[in-house]
Amino acid sequence: MKLQGNVPKRNSMRFAAAILIALASFVAGPNAALAASPQHHDQAPGFYRLKVGDLEVTALYDGTGVFDPHWLNGTKATMDGVVKGLHEDPHMLDVSDEAFLVNTGKQLILVDAGAGTWWGGGAMGRLAGSLRSAGYTPEEVDIVLVTHLHSDHVGGLTTQDGKRVFPNADVYVAKAESDFWLSPEIAAKAPKDAQPFFQSAQAITAPYIKAGKWHTFSGSETIVDGMQLVPLPGHTPGHTGYEFSSKGQKILFWGDTIHAQRVQLQHPEVTAIFDIDQNAAAATRLQLLPKLTREDVLIAGPHMPFPALGRLRKEGSGYSWVPVVFTDRWDEHAPSVEKY
Ligand SMILES: [Zn+2]
């Protein structure tokens with residue numbers, strides 16, 4: 001910039017000030033900061049909203065984690081590829097944990113509840129804070145729909161001292177799921193490594209059962225208007241997706257259909273060691289992914305990167321994840337295809 005005689009006075013003063021600051025830093029030495037701004041370590045609140053028909057859907061951040069490659073089961077060739085890939089990209093198995101809130105206008109429905117204090121070393125369990133940031137309180141939640149009883153999905157329901165975090169909520173889960181994890185006989189026969197899963201499921205559910213707030217379903221009964229149960233067995237015996245529809249739009253809350261998206265979308269046959277029935281888990285995924293791709297269904301996937309909302313596209317012999325694009329207007333996600 002050249003300084004001309006007609007430069008407005010305000011600019012010329014700013015210019016003079018800049019010269020003074022530059023001189024001062026020159027005198028102080030090359031390492032002196034020009035203007036030391038403090039770093040801001042707080043983050044944007046962990047929620048993200050979008051509209052599905054008349055529904056308000058809010059993704060709620062619960063935390064992050066890393067999936068261990070030893071937790072994946074695939075052919076030797078596939079798994080060799082995963083290990084090689086990890087050397088090139090150590091973030092390949094980074095995962096996220098989310099739960100979701102649906103405000104139907106009549107009811108406030110939480111789908112899964114995050115980990116609370118029941119999973120890992122504190123990198124999860126932010127759900128209640130995210131919920132409050134999103135403008136709601138745990139007391140307002142009417143219904144919790146649970147995809148399955150692993151503690152990264154239900155730990156947020158209950159405190160370690162046995163208090164219900166959602167005191168007014170009725171909790172729903174598949175009967176096969178509840179019967180499996182809450183059975184003392186099955187727990188007694190389970191391998192040692194699996195014992196903590198049974199113990200946490202029993203402790204987390206106990207206060208809701210005691211309060212008469214624990215409900216199971218075994219067919220296609222209606223729990224919420226406009227919501228369909230989608231059995232997705234394999235990962236766990238009663239693993240269930242929840243599909244909400246409104247005004248011709250759909251969203252599927254698919255639970256743990258995918259854990260390690262960078263592996264399992266390209267190789268849907270790869271399972272996780274936590275899949276109780278490995279064959280059924282793979283079969284469910286192989287059947288579901290093409291259907292969701294074809295129908296362009298909006299997916300809420302608890303372990304996809306925040307906000308864990310997106311769609312599938314066919315890519316090579318597998319699929320790719322197309323995340324929703326950020327917008328600061330909650331209703332801007334409505335399809336606009338009819339314009340073209
Ligand atoms: Zn999970």
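Ala, Val, Leu, Ile, Met, Phe, Trp, Tyr, Cys and Pro count here as nonpolar, Asp, Glu, Lys and Arg as charged, and the others, Gly among them, as polar. By these classes, the lining of the largest cavity divides into 3 nonpolar, 4 polar and 2 charged residues. The model is predicted: local features need pLDDT of at least 70, side-chain atom pairs count only at pLDDT 80 or more, and totals for chains, interfaces and linings use all residues. Residues are numbered from 1 along each chain as its sequence is written, and side-chain values use heavy atoms, without hydrogens or water.

Stay with the cavity. Rolling a probe the size of a water molecule over the atoms shows where empty space is left. The search runs on a 1 Å grid over the protein atoms alone: a cavity is a set of points where a 1.4 Å probe fits but cannot get out, a pocket is an open set with protein on both sides within 12 Å along at least five of seven lines, and lining residues have an atom within 4 Å of a point. Grid points are joined across faces, edges and corners, and a volume is the space filled by probe spheres set on the points. The count comes to 1 cavity of 30 Å³ or more. The largest cavity holds about 50 Å³. Its lining consists of Leu232, Pro233, His235, His239, Asp256, Thr257, Ala281, Thr284 and Arg285.

Take Thr257 from that lining. Thr257 sits in the loop between strand E11 (249–253) and helix H8 (261–264). Helices (H or I, at least four residues) and strands (E, at least two) are DSSP runs, numbered from the N terminus. Is Thr257 buried or exposed? Thr257 counts as buried because its relative accessibility is 4%; buried means under 20% relative accessible area, exposed over 50%, and partly exposed in between (1.4 Å probe, protein chains only). A polar atom of the Thr257 side chain lies 2.8 Å from the backbone oxygen of Trp254. Contact means heavy atoms within 4.5 Å. Leaving aside neighbours within four places in sequence, Thr257 is in contact with Leu232, His239, Arg285, Leu288 and Leu289.

Now turn to the second largest pocket. Its volume is about 250 Å³. Which residues line the second largest pocket? They are His150, Phe180, Trp181, Pro191, Asp193, Ala194, Phe197, Phe198, Ile273, Phe274, Asp275 and Ile276. H5 and H7 are the elements that give two or more residues to this lining. By class, the lining has 9 nonpolar, 1 polar and 2 charged residues.

Ile273 belongs to this lining. Ile273 lies in the loop between strand E12 (271–272) and helix H9 (278–295). At 42% relative accessibility, Ile273 counts as partly exposed. Ile273 and His70 are 203 residues apart in sequence, yet 8.2 Å apart in space, C-alpha to C-alpha. Not counting residues up to four places away in sequence, Ile273 touches His70, Trp71, Asn73 and Gln278.

Ala272 is found in strand E12. Ala272 counts as buried because its relative accessibility is 0%. With residues up to four places away set aside, Ala272 touches Phe67, Trp71, His259, Gln264 and Gln278.

Next come the cores. In soluble globular proteins, nonpolar side chains tend to be buried together. A nonpolar core is a set of buried Ala, Val, Leu, Ile, Met, Phe, Trp, Tyr and Cys residues joined through side-chain atoms within 4.5 Å. The largest has 45 residues, of which Leu110, Val141, Leu157 and Phe166 touch the most other members. Elements giving two or more residues to this core include helix H2 (76–88), strand E4 (94–103), helix H5 (175–181) and helix H7 (195–210). H7 gives the largest share, 5 residues. Beyond four places in sequence, Phe166 is in contact with Leu110, Ala113, Leu127, Leu131, Pro138, Val141, Gly156, Leu157 and Tyr208. Another core, of 43 residues, lies apart from it, with Val102, Leu298, Met304 and Trp321 among its members.

Some backbone details remain. Phi of Asp112 is near 70°, a positive value in a residue other than glycine. Asp112 lies in the loop between E5 and H3 and is buried, at 1% relative accessibility. Phe306 and Pro307 are joined by a cis peptide bond, with omega about 5°. Pro307 lies in the loop between strand E13 (298–300) and strand E14 (309–315). Ala308 is in the loop between E13 and E14. Its phi is near 60°, a positive value in a residue other than glycine. Ala308 is buried, with a relative accessible area of 0%.

Key: A polar contact is a pair of N or O atoms within 3.5 Å; within protein, one must be able to donate a hydrogen and the other to accept it, and residues adjacent in sequence count only if both atoms are side-chain atoms.
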